[in-house]
Amino acid sequence: MKLLSIALSLLLLYNPDLFARQVETETEYKDAIVKQHKDLLINFSKSPLVISAIVAANEKNVGIINIMQLDANWQLNRKLQKSVMHNPLAAKIIEFIKNPKLDIAEMMVLDKNGVLVAVFPKPTDYWQGDEDKFQQPIRINGAYVGPTKWDSSASTYQFFYCILIKNSAKKVIGVLVTGLDVSKEYLENQSSQND
């Protein structure tokens with residue numbers, strides 16, 4: 001057994017990347033974090049809680065003029081904020097964000113128009129339909145990983161991982177937007193570059 005231990009030590013000494021490889025690029029950070037969360041988020045996007053909330057929101061179909069009016073008054077409209085931040089779906093989102101094993105800083109469930117169905121924490125806008133986090137997954141018909149940047153509403157360096165939400169007929173009915181926190185990795189990487 002001691003001989004095996006010595007051989008393993010020598011192997012690691014001459015080839016330290018054999019068992020553990022340090023993540024060095026932003027893309028590698030993001031890929032690792034997406035991989036860690038992907039299955040959870042896909043399963044969540046297919047859950048009856050998400051699907052029923054989006055179907056109900058899409059049935060309202062209030063029209064773009066009304067959406068723009070609601071968006072313009074979002075910051076002052078406490079009733080509207082409460083409707084998307086204090087519902088059963090938002091409660092589940094809060095559970096994800098509070099879970100220390102996850103790197104989720106924020107999450108939004110958007111309807112087919114890019115309107116908030118459930119969210120936490122409160123974003124700047126009610127309507128997300130003009131933003132890449134809504135448009136890109138629809139354009140590419142798949143998952144979208146956005147750029148890493150500072151998000152003041154979540155107080156983190158994060159990137160958005162966005163996946164399409166589809167009904168049983170495989171028709172897109174909404175988008176799940178998840179802000180994945182890379183603050184620790186980003187700050188560690190910045191400090192090592194400055195050394």
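Student: Where do Lys 92 and Glu 95 lie, and how many residues apart are they?

Tutor: Helices and strands are read here as DSSP runs numbered from the N terminus, a helix (H or I) having at least four residues and a strand (E) at least two. Lys 92 and Glu 95 both belong to helix H6, where they stand three residues apart, about one turn of the helix. This is a predicted model, in which local features need pLDDT of at least 70 and side-chain atom pairs count only at pLDDT 80 or more, whereas totals for chains, interfaces and linings use all residues. Residues are numbered from 1 along each chain as its sequence is written, and side-chain values use heavy atoms, with hydrogens and water left out.

Student: What does Lys 92 form with Glu 95?

Tutor: Lys 92 forms a salt bridge with Glu 95, a term for a side-chain nitrogen of Lys or Arg within 4 Å of a carboxyl oxygen of Asp or Glu. In this pair the closest N and O atoms are 3.3 Å apart. To describe the surroundings, a residue is called buried under 20% relative accessible area, exposed over 50%, and partly exposed in between (1.4 Å probe, protein chains only). Lys 92 has a relative accessible area of 29% and is therefore partly exposed, and Glu 95, at 49%, also counts as partly exposed.

Student: How many salt bridges does a search of the whole structure find?

Tutor: The search finds two. Glu 131 is partly exposed, because its relative accessible area is 23%, while Lys 133 is buried, because its value is 10%.

Student: Which residues of helix H6 are buried?

Tutor: In H6, which covers residues 88-98, the buried residues are Leu 89, Ala 90, Ile 93, Phe 96 and Ile 97. Seen down the axis of H6, they fall within an arc of 110°, so they line one face of the helix; the arc is taken from the directions that lead from the helix axis to the C-beta atoms. On the face turned away from this buried side are the exposed residues Pro 88 and Lys 98.

Student: What covers the buried residues of H6?

Tutor: The cover is judged by contact, meaning heavy atoms within 4.5 Å. It includes the helices H2 (26-45), H3 (48-60) and H5 (78-85), together with the strands E1 (104-111) and E2 (116-120).

Student: Is Gln 128 buried or exposed?

Tutor: Gln 128 has a relative accessible area of 1%, and so it is buried, although its place is in the loop between E2 and helix H7 (132-140). Leaving aside residues up to four places away in sequence, Gln 128 touches Met 108, Leu 110, Gly 114, Leu 116, Pro 123, Lys 133 and Phe 134.

Student: What do the elements of the chain come to, and in which order do they run?

Tutor: The secondary structure comes to eight helices and six strands, and from the N terminus on the order is α-α-α-α-α-α-β-β-α-β-β-β-β-α. Of the 195 residues of the chain, 39% count as buried. Among contacts between residues at least 6 apart in sequence, 58% join residues at least 24 apart. A pair that can be found by eye is Ser 155 and Ala 105, which are 50 residues apart in sequence and 8.5 Å apart in space, C-alpha to C-alpha. Ser 155 has its place in the loop between strand E4 (149-151) and strand E5 (156-166).
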